[in-house]
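User: Hi! Could you walk me through this model before I set anything up with it?
Analyst: Happy to, here it is.
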Amino acid sequence: MNIKRHIPNAITCLNLFCGCMAVVFALRGWLGFAVYMVIAAAVFDFCDGWAARLLKAYSPLGKELDSLADLVSFGLAPAAMMHYEFCQILSPKISFGLDSIPWELYSFFPFVFVVAAALRLAKFNTDSRQSEHFIGLPTPASALFISALLVYATQTPKWMPLLDTVYTIPILVVAVSWLMLLNLPMFSLKIKALQWKGNQIRFLFAALSLFFIVLAFICNRPWSLAVLLIISSYILLSLLLWACVPPSYPARNI
């Protein structure tokens, strides 16, 4: 039996396992542990693709398994985090009576994000244009942005009043879901060869990411701020790249 062809799928399963742990931690209110599990899942998600390319171990099973794992780790887990935080915000309005049923239903609004993530992943699997670029914000980036924002808000007292409203989390869900489903080209982080030509935007993004990490460390700011800046710079760089050098795509095959 050829063991190496199973290595990428094994790494994907670790991604899924971390996602399951993140969901459990989130529903228990252990936000920090949940976020760390999402970050671990993102690392495994990057590594399974890297291992598949290195070992040339591609398979239809691996592609489908990767999407299923991503839906849990980067769809359900951040939605569970937002649901728990949203329930804390709405708790004064929920009295377990008939008058509080609308608020109880409203507390499930964060799971709209899961639906958007599922649509985003299904779109990725069926859209031939996304071999070199993504269309819409990738689900791991979306999950990391939401996770980092929740952590930063809880770590920074002056940001807490902004989070503690009945509108902030739903607006966040709608905004990030819209970015995931937006028909906007975003550059992939896959580097096929260590050369400047063709990878300029990726090397620039890597340099910016390192700068934000070092800046947060020097200024004694939470690591979550660095993540927020990194994801924001990814979106802005993709917008600039699309505006200045629009990528050409093959015809959509659906």
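**A walk through the model**

Analyst: Let me begin with Ala69, which counts as buried because its relative accessibility is 1%. Keep in mind that this is a predicted model.

User: Thanks! Where is Ala69 found?
Analyst: Ala69 is found in helix α3.

User: And what is Ala69 in contact with, leaving aside its neighbours within four places in sequence?
Analyst: Ala69 is in contact with Thr12, Asn15 and Leu16, once those sequence neighbours are set aside.

User: What about Asn9, buried or exposed?
Analyst: Asn9 is buried, with a relative accessible area of 14%. Asn9 is found in helix α1, residues 7-27. Apart from neighbours within four places in sequence, Asn9 has contacts with Ser59, Leu61, Gly62 and Leu65.

User: Back to α3 then. How many residues does it have, and what does it reach from its first C-alpha to its last?
Analyst: Helix α3 covers residues 60-90, which is 31 residues, and reaches 43 Å from first C-alpha to last. That is close to the 45 Å expected at 1.5 Å a residue.

User: Where does α3 bend?
Analyst: The bend is at Leu76 and comes to about 30°. A proline, Pro78, follows within four residues.

User: Let me zoom out. How many helices and strands are there in the protein chain?
Analyst: The protein chain has 10 helices and 2 strands. Along the sequence they follow the pattern α-α-α-α-α-β-α-α-α-β-α-α.

User: What share of the residues is buried?
Analyst: Buried residues make up 45% of the 254 residues in the protein chain.

User: Which residues touch the most other members of the largest nonpolar core?
Analyst: Met81, Met82 and Leu137 do, in a core of 57 residues. Not counting residues up to four places away in sequence, Met81 touches Ala26, Leu31, Ala34, Val35, Val38, Ser147 and Leu150.

User: Changing topic to aromatics: how many pairs does the count come to?
Analyst: The count comes to 13 aromatic pairs. In one of them, the rings of Phe86 and Tyr106 have centres 5.1 Å apart and planes at 70°, so the pair is edge-to-face. Phe86 lies in helix α3 and Tyr106 in helix α4, residues 101-106, so this pair ties together parts that are 20 residues apart in sequence.

User: Are those two buried or exposed?
Analyst: Phe86 is buried at a relative accessible area of 0%, while Tyr106 is partly exposed at 24%.

User: Which residues form the aromatic cluster with Phe86?
Analyst: Trp103, Tyr106 and Phe109 form one aromatic cluster with Phe86. Phe109 sits in the loop between α4 and α5, the latter being residues 112-126. Phe109 counts as partly exposed, with 25% relative accessibility. Phe109 and Phe86 are 9.0 Å apart from C-alpha to C-alpha and 23 residues apart in sequence. Beyond neighbours within four places in sequence, Phe109 is in contact with Pro170, Val173 and Val174.

User: Nice. What do the buried residues of α10 pack against?
Analyst: They pack against β1 (133-135), α6 (139-155), α8 (168-181), β2 (185-187) and α9 (200-218). The buried residues of α10 include Ala226, Leu228, Ile231, Tyr234 and Leu237. Helix α10 itself runs over residues 223-244, and its 22 residues reach 31 Å from first C-alpha to last, close to the 32 Å expected.

User: And Ser142, which residues does it touch?
Analyst: Ser142 touches Phe113, Leu137, Val176 and Met180, not counting residues up to four places away in sequence. Ser142 is found in helix α6 and counts as buried at 0% relative accessibility.

User: Last one: which residue has a positive phi although it is not a glycine?
Analyst: Asn220 has a positive phi, of about 55°. Asn220 is in the loop between α9 and α10 and is exposed, with a relative accessible area of 66%.

Conventions:
Residues are numbered from 1 along each chain as its sequence is written. This is a predicted model: local features need pLDDT of at least 70, side-chain atom pairs count only at pLDDT 80 or more; totals for chains, interfaces and linings use all residues. Side-chain values use heavy atoms; hydrogens and water are left out. The expected span of a helix is 1.5 Å times one less than its number of residues. The bend at a residue is the angle between axes fitted to the seven residues ending there and the seven starting there. Buried means under 20% relative accessible area, exposed over 50%, partly exposed in between (1.4 Å probe, protein chains only). Contact means heavy atoms within 4.5 Å. Rings of Phe, Tyr and Trp (its six-membered ring) pair if their centres lie within 6.5 Å; planes under 30 degrees apart count as stacked, over 60 as edge-to-face and the rest as tilted. A nonpolar core is a set of buried Ala, Val, Leu, Ile, Met, Phe, Trp, Tyr and Cys residues joined through side-chain atoms within 4.5 Å.
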